[in-house]
Amino acid sequence: MTTGFPGPGTYLIFGVILVPVYVMLAAWFLGEPRDRRVALLGVGYLVGLTTLLWGGMYLKTVVIDLLFF
């Protein structure tokens, strides 16, 4: 296995699948009318939702690990 080179899945996720998220973030900060408060609120929602989802997945893996192994 080679190290230092990302696999095709990395390019697929960050380069293709997340394009709508990149466009949405750019539109919030670069679009008209500009409202920094609303844009930061949207970023906060995205960060909070992502944190809750990843935290929930982590807790689920801990529970599965404790129950089955």
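This is a predicted model: local features need pLDDT of at least 70, side-chain atom pairs count only at pLDDT 80 or more; totals for chains, interfaces and linings use all residues.

Visitor: In what order do the elements run from the N terminus on?

Guide: They run α-α-α. The chain is more spread out than a compact globule, because its radius of gyration is 18 Å, well over the 11 Å that the globule rule gives for 69 residues.

Visitor: And what does the C-alpha trace span along its principal axes?

Guide: About 55 × 30 × 15 Å.

Visitor: What share of the residues is buried?

Guide: Buried residues make up 3% of the 69 in the protein chain.

Visitor: Okay, confidence. What is the mean pLDDT of the chain?

Guide: The mean is 91. Of the residues in the chain, 97% reach 70 or more.

Visitor: Where is confidence lowest, and where is it highest?

Guide: Lowest is H1, with a mean of 90. Highest is H3, residues 36-68, at 95.

Visitor: Packing next. At what angle do H1 and H2 pack?

Guide: At about 40°, with the axes 5 Å apart. H2 covers residues 19-30. H1 is therefore oblique to H2; roughly parallel would take an angle under 35 degrees.

Visitor: Which residues of H1 and H2 meet?

Guide: From H1, Phe-14, Gly-15, Val-16 and Ile-17. From H2, Val-19, Pro-20 and Tyr-22.

Visitor: How does that contact divide by class?

Guide: The contact of H1 with H2 has six nonpolar residues, one polar and no charged.

Visitor: You listed Pro-20 there. Is Pro-20 buried or exposed?

Guide: Pro-20 counts as exposed, because its relative accessibility is 55% and the cut-off for exposed is over 50%. Pro-20 lies in helix H2.

Visitor: How far apart are the C-alpha atoms of Pro-20 and Leu-53?

Guide: They are separated by 19 Å. Along the chain, the two residues are 33 apart.

Visitor: Now H2 against H3. How do their axes cross?

Guide: At roughly 155°, and the axes come within 9 Å. So H2 is roughly antiparallel to H3, a label that needs an angle over 145 degrees.

Visitor: Which residues make the contact?

Guide: H2 brings Met-24, Leu-25, Trp-28 and Phe-29. H3 brings Ala-39, Leu-40, Gly-42, Val-43 and Leu-46.

Visitor: How many of them are nonpolar, polar and charged?

Guide: In the contact of H2 with H3, eight are nonpolar, one is polar and none is charged.

Visitor: Backbone geometry, then. Which residues does the cis peptide bond join?

Guide: Glu-32 and Pro-33, with omega at about -10°.

Visitor: Where is Pro-33 found?

Guide: In the loop between H2 and H3.

Visitor: One more proline. Where does Pro-6 lie?

Guide: Pro-6 lies in the segment before H1, which covers residues 8-17.

Visitor: Why does Pro-6 count as partly exposed?

Guide: Because its relative accessibility is 41%. Partly exposed sits between the cut-offs of under 20% for buried and over 50% for exposed.

Visitor: And how far is the C-alpha atom of Pro-6 from that of Gly-55?

Guide: The two C-alpha atoms are separated by 25 Å. Pro-6 and Gly-55 are 49 residues apart along the chain.

Notes: Residues are numbered from 1 along each chain as its sequence is written. Side-chain values use heavy atoms; hydrogens and water are left out. Helices (H or I, at least four residues) and strands (E, at least two) are DSSP runs, numbered from the N terminus. Buried means under 20% relative accessible area, exposed over 50%, partly exposed in between (1.4 Å probe, protein chains only). Axes are lines fitted to C-alpha atoms, for helices over the stretch in contact, and angles run from 0 to 180 degrees between N-to-C directions. Angles under 35 degrees count as roughly parallel, over 145 as roughly antiparallel, 65 to 115 as roughly perpendicular and the rest as oblique. Contact means heavy atoms within 4.5 Å. Ala, Val, Leu, Ile, Met, Phe, Trp, Tyr, Cys and Pro count as nonpolar, Asp, Glu, Lys and Arg as charged, and the others, Gly among them, as polar. pLDDT is the predictor's confidence in each residue, from 0 to 100. The radius of gyration is taken over C-alpha atoms; the globule rule is 2.2 Å times the number of residues to the power 0.38.
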